[in-house]
Amino acid sequence: MHVRHAIPLIVAVLALLVTVLPSAASGDTIANARNATAIYNDPTAALAGGYELLTDAAGLACIDQPGAGAMGVHFVKGALLQSGTLDPARPQALVYEPEPDGQMRLVALEYVVLQATWDANHHQPPTLFGETFMLSPAGNRFGLPAFYSLHAWVWKHNPTGTFQPWNPQVRCPDGVRAEQAGDAAGVEQDAPTAMEGM
Ligand SMILES: [Cu+2]
């Protein structure tokens, strides 16, 4: 009785060690990614670290997909995108959710590599944390060449999965969408009119 119960436990522990040890050794863990990016909970640290605001081709900063949820506002570090290297501690993008009070809250990390860069040296799509990156073909909303990306929701829970691109619990408030246009115009106008002038 005692032994019969112990064997499955030993097998389970061994399986866990085999799963965990290689990734812990290479630093390819969510815990490492979280520790390394803790400083970016302060958005000014992201700016100081070379991350810059990304807008899509339509000029929108807060990226959402009605029906699926949102990502939020991306800050991208061009040098890391150019480098073509994928390091859990150094994500190409930091994703923030605009709070109702105007604060930016760090919610996710995004790892990005251009397909041409990656495919020149690899036969398989990139992986991190045991997850395979998603391919966004050319013609995407960011106007980027085809790229591989992986979101990691390490700072805010994503009920659809830690590595899913869209989080149904993130919202892009209408006020934030129109904010830039309104600021640029300096007067109260509706967003489309203001955008035409930019
Ligand atoms: Cu994203």
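Guide: Phe129 is partly exposed, because 17 other C-beta atoms lie within 10 Å. By the rule used here, a residue is buried if 20 or more other C-beta atoms lie within 10 Å of its own, exposed if 12 or fewer, and partly exposed in between, with C-beta atoms placed from the backbone. The model is predicted: local features need pLDDT of at least 70 and side-chain atom pairs count only at pLDDT 80 or more, whereas totals for chains, interfaces and linings use all residues. Residues are numbered from 1 along each chain as its sequence is written.

Phe129 is found in the loop between strand E6 (127-128) and strand E7 (131-132). Helices (H or I, at least four residues) and strands (E, at least two) are DSSP runs, numbered from the N terminus. The phi of Phe129 is near 55 degrees, a positive value in a residue other than glycine. Most residues other than glycine have a negative phi.

Strand E2 (residues 62-65) and strand E3 (residues 69-76) pair in the antiparallel sense over four bridges; two strands pair if DSSP finds at least two bridges between them. Within this arrangement, Gln65 stands opposite Gly69 in E3.

A nonpolar core is a set of buried Ala, Val, Leu, Ile, Met, Phe, Trp, Tyr and Cys residues joined through C-beta atoms within 7 Å. The largest such core has 35 residues, of which Leu94, Val95, Tyr96, Val107 and Ala108 touch the most other members. At least two residues of this core come from each of E2, E3, strand E4 (93-98), strand E5 (104-114) and strand E9 (147-152), and E5 supplies the largest share, eight residues.

Val95 shows how these parts meet. Two residues are in contact if their C-beta atoms, placed from the backbone, lie within 7 Å. Apart from neighbours within four places in sequence, Val95 is in contact with Met71, Gly72, Val73, His74, Val107, Ala108 and Glu110.

The chain as a whole has seven helices and nine strands, and buried residues make up 27% of its 198 residues. Among contacts with a separation of 6 or more, 52% join residues 24 or more positions apart.
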